[in-house]
Amino acid sequence: MMNLLQSPYFALFVMVALGFMLGRIQIKGISLDVSAVIFVALLFGHYGIVIPGSLSDFGMVLFIYTIGMQAGPGFFDSFRSQGKEMLALAAVIIGTAALTAVAVKYLFGLDAAQTTGLLTGALTSTPGLASARELTGDASAVAYGIAYPFGVIGVILFVKLLPRVLHIDIRQSEKALAGRKTDQYPEISHRIYRVTNPSVFNRSLADLKIRSVTGAVVSRVKRGNDYFMPKADTVLREGDEIKAVGTVAALDELTLFLGEALEGDMPLGDGLDLQTGLVTNKHIVNKSLAALNIHENFNCTITRIRRSGIDIAPTPGLPLKFGDKLTIVGSKTDLLELQKMLGNDTKRLSDTDFLPVALGIVVGALFGKIEISFGDGFTFSFGLTGGILLVSLVLSSIGKTGPLVWHISSSANQLLRQLGLLVFLAGVGSSAGSTMAETFAENGWELFIAGGLITLLPMIAAVVTARWGFRMNLLDLLGALTGGMTSTPGLAAADSMTDSTAPSVAYATIYPVAMVFLILAVQLIAGLFAV
């Protein structure tokens, strides 16, 4: 058995398997999950079983890139809704954590590796650890391992106790958010109308500009016993019945426009069909509906678009994204032609093209090499991890460059991210394990206390800022708090307290911002205090 463990590949998967078994153990609902791999690896490293550094670096690069690809759209969208608040809150959390880390460095006489390791461990950030290890060496992983347990447990307990401490009813917070969610993501519905408004009699849809005026899409018309799909030159007549799709506000506006809303639904009629189509043709990605002119070119009408689990009302200026699911009305022949143009290839949606992945990592690595000088001999660069992270964030948001589609399917992203994370954790943990016992014997308890301070103080600062500075809803606060602390176990604790998706939305909004800020803080601390 010991001979087999000398093989790095065999040892790697033994560490992963044992780590998963340990991570699934729950005590009072708390578990280490996948992060348990680093603790198993620390033990293996203590007994001289170490994963090669090149294999660990491979896992780090893969993990960082897929994290950026996943977080890219949320990173830039965060500046459109609650951007200012989330940006400020991320700055408060990471800034407080970094200042606390610097304070404990002087208080306990720590070096740069221990300081950055404590900072990333207290915030349970493996991307941060990757950056710290690259800049300061494996000693940062030891401090990370010491600070990590309280980083997990401390955030979970803080989240669980916060509603009681603030005397806030979670159910009341849910009701307060319900109205706001409806405003942000209005539900797409349909309604039947009878044309009774004389001002629209004998006027064409192109003349009336219904879509641009109301935001609703007219999908079908009934005239007498005939059902047909309207065109731009379709003229409305008194008594026509119309089916339209849109938000509730758009449909209400259309009621005033046409004259009378009816109960029930409208059948498709002979020759018309309702189907869905997937955008998998890379040549139409980022092109607007107006540019594709689907209604005129294919005699079909798009009634809604589903993207990332949200229904979006189609507008002429809306660009299509890879993986969009379109609901379309038209004849079967026309629908078949349109689906060919869209791609509609479920296999391609799940496949992964490794050319964009490889190019993205290469560009990120080169970007990380760029050095910025601040005078007095101090230069700053994003490094390998920071460069790859920032480039992947940008590429994920762009979606497509020329013939290259940067998109990675969610299933492929999850697999690659998990693989990279496991290899990285096993590598850094086993490498650091050989010196962990000696380091902990010398100043382990000091590091544990220091890590606890770096975990607690930023959360307290965030609560004060969010509640009394921004008047933030409790559920938004829970998500922002766990996202700012880059704590996935903390988010799981928050989700278990409510049926609302608000904590998850806030977490996704602030997490990429906090992650970038944390890596920048690690870079700054390492640059200032490196010996």
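1. **A nonpolar surface patch.** Trp445, Phe448, Ile449, Leu453, Leu456, Leu457, Ile460, Val464 and Trp468 make up a nonpolar patch on the surface. Together these residues have about 870 Å² of accessible area. Take Leu456 as one member of the patch. Leu456 sits in helix α19, which covers residues 410–469. Its relative accessibility is 32%, so Leu456 counts as partly exposed. Keep in mind throughout that this is a predicted model.

2. **The second largest pocket.** How much space lies in the second largest pocket? The value is about 590 Å³. The lining is made of 22 residues. Nearest the centre lie Arg211, Ala232, His295, Glu296 and Pro316. Several elements give two or more residues to this lining: α10 (205–208), α11 (210–214), β2 (217–223), α13 (289–292), α14 (294–298) and β7 (301–307).

3. **What the lining is made of.** The residues that line the second largest pocket include 14 nonpolar ones.

4. **Salt bridges: the count and one example.** The structure has eight salt bridges. One of them joins the side chains of Arg191 and Asp252, with 2.9 Å from N to O. Arg191 belongs to strand β1 (residues 188–195), while Asp252 belongs to helix α12 (residues 248–258). The two are 61 residues apart in sequence, so this pair ties separate parts together. Is Asp252 buried, partly exposed or exposed? Its relative accessible area is 38%, which makes Asp252 partly exposed.

5. Glu260 lies in strand β5 (residues 259–262) and Arg194 in strand β1, so the pair links distant parts of the chain, 66 residues apart. Glu260 is partly exposed, at 31% relative accessible area. Arg194 is partly exposed as well, at 27%.

6. **A salt bridge within one helix.** The side chains of Lys340 and Glu337 meet in a salt bridge, 3.8 Å from N to O. Why are these two about one helical turn apart? Because they are three residues apart in helix α15 (residues 332–342). Lys340 is exposed, with a relative accessible area of 56%. Glu337 is partly exposed, at 39% relative accessibility.

7. **A network.** Some salt bridges share partners. Which residues do they join into one network? The members are Arg194, Glu241 and Glu260.

8. **Gly269, in a loop.** Gly269 is found in the loop between β5 and β6 (273–278). This glycine is partly exposed, with a relative accessible area of 24%. Look next at Asp226. Gly269 and Asp226 are 43 residues apart in sequence. In space, their C-alpha atoms are 7.4 Å apart.

9. **Gly368, in a helix.** Gly368 lies in helix α17, residues 354–368. Is Gly368 buried or exposed? At 3% relative accessibility, Gly368 counts as buried, because the cut-off for buried is under 20%. Leu384 is 16 residues away from Gly368 in sequence. The C-alpha atoms of Gly368 and Leu384 are 5.1 Å apart in space.

Note on methods: Residues are numbered from 1 along each chain as its sequence is written. This is a predicted model: local features need pLDDT of at least 70, side-chain atom pairs count only at pLDDT 80 or more; totals for chains, interfaces and linings use all residues. Side-chain values use heavy atoms; hydrogens and water are left out. On a 1 Å grid over the protein atoms alone, a cavity is a set of points where a 1.4 Å probe fits but cannot get out, and a pocket is an open set with protein on both sides within 12 Å along at least five of seven lines; lining residues have an atom within 4 Å of a point. Grid points are joined across faces, edges and corners, and a volume is the space filled by probe spheres set on the points. Helices (H or I, at least four residues) and strands (E, at least two) are DSSP runs, numbered from the N terminus. Ala, Val, Leu, Ile, Met, Phe, Trp, Tyr, Cys and Pro count as nonpolar, Asp, Glu, Lys and Arg as charged, and the others, Gly among them, as polar. Patches are made of residues with over 30% relative accessible area and no salt bridge: like charges are joined within 9 Å, nonpolar side chains (Val, Leu, Ile, Met, Phe, Trp, Tyr) within 5 Å. Accessible areas come from the Shrake-Rupley method with a 1.4 Å probe; for residues, only the protein chains shown count as cover. A salt bridge is a side-chain nitrogen of Lys or Arg within 4 Å of a carboxyl oxygen of Asp or Glu. Buried means under 20% relative accessible area, exposed over 50%, partly exposed in between (1.4 Å probe, protein chains only).
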